[in-house]
Amino acid sequence: MRFTKLIFFLLIHVAVCSQGPAEKLKVFIDCSNVWCDFNYIRSEIKLVDFLNDQLAADVHVLITAVENGNGGKNYQLIFFGQNKFDKEQETYSFNTEPNATEAENRDELLRTLKIGLLRFLARTPYAKWIAVDMKTEERKKEQELKAETTKDPWNYWVFRVGVDGTYNAEQVYKNLNGTGYTTANRITDKSRIYFGASGGYNQSIYTYEDNGTNVDFEVINSNYEIAHSLIKSLGSHWGIGYRASYSNNTYSNNKERILLKGGIEYSIFPYSEVNTKLFTISYGLDARQNRYYDTTIYYQTKEMLYGQVAQANLTLNKRWGNLNSLLAYRNYLHDPQLNNLSLNINMNVRITGGLSIYMYTSGSIVRDQVYLVKGKASEQDVLTRRRQIATDYTLYTGFGINYRFGSKLNNFINPRMEGL
């Protein structure tokens, strides 16, 4: 009798151990008309699997937002149960302040998303990992959840294919533009792999009168590129990688360009803190084989060039606002005077209450246009931008200040005749 019981319990133990890790709740996030920080959501919610296929998900979360009466936004999250949670539905909503920063809106969206997922998570084996805190003060320590990794049948590969085009016309001007692309990406915490191909076509027709006769001046430009890149992780602060590409661009006089570049990057803060702060410094070397349509200003029809580039990138997402900036310098090794220095800044800061400022700027000092066509540009070249023109700099900037006062309590939504 004892022997029979022993066999019975051994069989149960083997059956339980062979079941493997419990299956996670599958969630599809659908941001219909609002931007969502998917990286932040995935990094803060570890108890579910986020899917790209809505039909395979257990829960389809539809997120929408509309402007309310006080200038803020009313967010609505509808949780549609699917598969084993079929016919279950729940709706949650919240209002944001008109002066709220992107980080504040993101945190509130995450909090509401967690609340909505509770009812579904509570019926999974991962319910034991749920921590509920109803204290008024903030939690000082966040529990790190170690859950099993779910296997992906696609091995984390994501493929995209797309085409788009525009056409506009006036009596003296017509423009046709079309682009197409296909990409394959695989991103994990260990590496990033990219394959891609893209192409574009642009045709413009300018009609003007010359000695009583209408004359059509046509400008056609095209481009294409085939590219591949690989980035490898070297711990929490380092990354190394390369990029190779084959491209053509009629506007820049590039009949054929083969580019190979590699570099290394150091992050002052751990990469895991990318949602709130990122400060990286990188250095790379590149080699490019160029063949040109027309002879360049340096009397070249083809040439091999070697260069170097250094970059510093700073990104901050805080309650006071956000800042994105990139400083880059590059030059050709055979002649350091052929260089390019560029700076990009995008900043939005809330000073206090309803007072906020924003600024965006993109500029560069240009000294490396080795591909320019020899000879002076014609009047038509300058006016129609048929080909790239020599310049010492580029600049695009804007700024503003905003102050809001009045009611903060108007949460009414009235979208009637917004187009009026």
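Guide: Two strands are said to pair if DSSP finds at least two bridges between them. The model shown is predicted.

Visitor: In which sense do strand S1 and S2 pair?

Guide: At least two bridges are needed for a pair. Strand S1 (residues 25-31) and S2 are joined over three bridges. The sense of the S1 and S2 pairing is parallel.

Visitor: Which strands stand at the edges of the open sheet of five strands?

Guide: The order of this open sheet is S2-S1-S3-S4-S5, and its pairing is mixed. An edge strand here has a single partner strand, so one side of it is left without a neighbour in the sheet. The strands in that position are S2 (48-50) and S5 (89-95).

Visitor: By what angle are neighbouring strands of this sheet turned against each other on average?

Guide: The strands concerned are those in the order S2-S1-S3-S4-S5. With direction ignored, the average angle between neighbours is 25°.

Visitor: Which helix lies across S1, S2, S3, S4 and S5?

Guide: Strand S3 covers 59-67 and strand S4 covers 73-81. The helix in question spans residues 102-121 and runs at about 25° to S4. Its name is helix H3.

Visitor: Is asparagine 83 buried, partly exposed or exposed?

Guide: Asparagine 83 sits in the loop between S4 and S5, and its phi is near 55°, a positive value in a residue other than glycine. Buried means under 20% relative accessible area and exposed means over 50%. At 46% relative accessibility, asparagine 83 is therefore partly exposed.

Visitor: And asparagine 211, is that residue buried or exposed?

Guide: Asparagine 211 lies in the loop between strand S8 (191-210) and strand S9 (213-233). Its phi is also positive, near 55°. With a relative accessible area of 75%, asparagine 211 counts as exposed.

Visitor: Which elements give two or more residues to the nonpolar patch on the surface?

Guide: The patch has about 830 Å² of accessible area together, and its residues include Trp238, Ile240, Tyr283, Leu285, Met304 and Tyr306. Leucine 285 is found in strand S12 and is partly exposed, at 45% relative accessibility. The elements that give two or more residues are strand S10 (238-249), strand S12 (277-292) and strand S13 (302-318).

Technical notes: Residues numbered from 1 in each chain as written. Predicted model: local features only at pLDDT ≥ 70, side-chain atom pairs only at ≥ 80, totals over all residues. Heavy atoms only, no water. Patch = residues over 30% accessible without salt bridge, like charges linked within 9 Å, V, L, I, M, F, W, Y side chains within 5 Å. Areas by Shrake-Rupley, 256 points an atom, 1.4 Å probe, with all protein chains shown as cover. Salt bridge = Lys/Arg side-chain N within 4 Å of Asp/Glu carboxyl O. Helix = DSSP H or I, 4+ residues; strand = E, 2+ residues; numbered from the N terminus. Buried < 20%, exposed > 50% of the residue type's maximum accessible area, 1.4 Å probe, protein only. Axes fitted to C-alpha atoms, helices over the stretch in contact; angles between N-to-C directions. Contact = heavy atoms within 4.5 Å.
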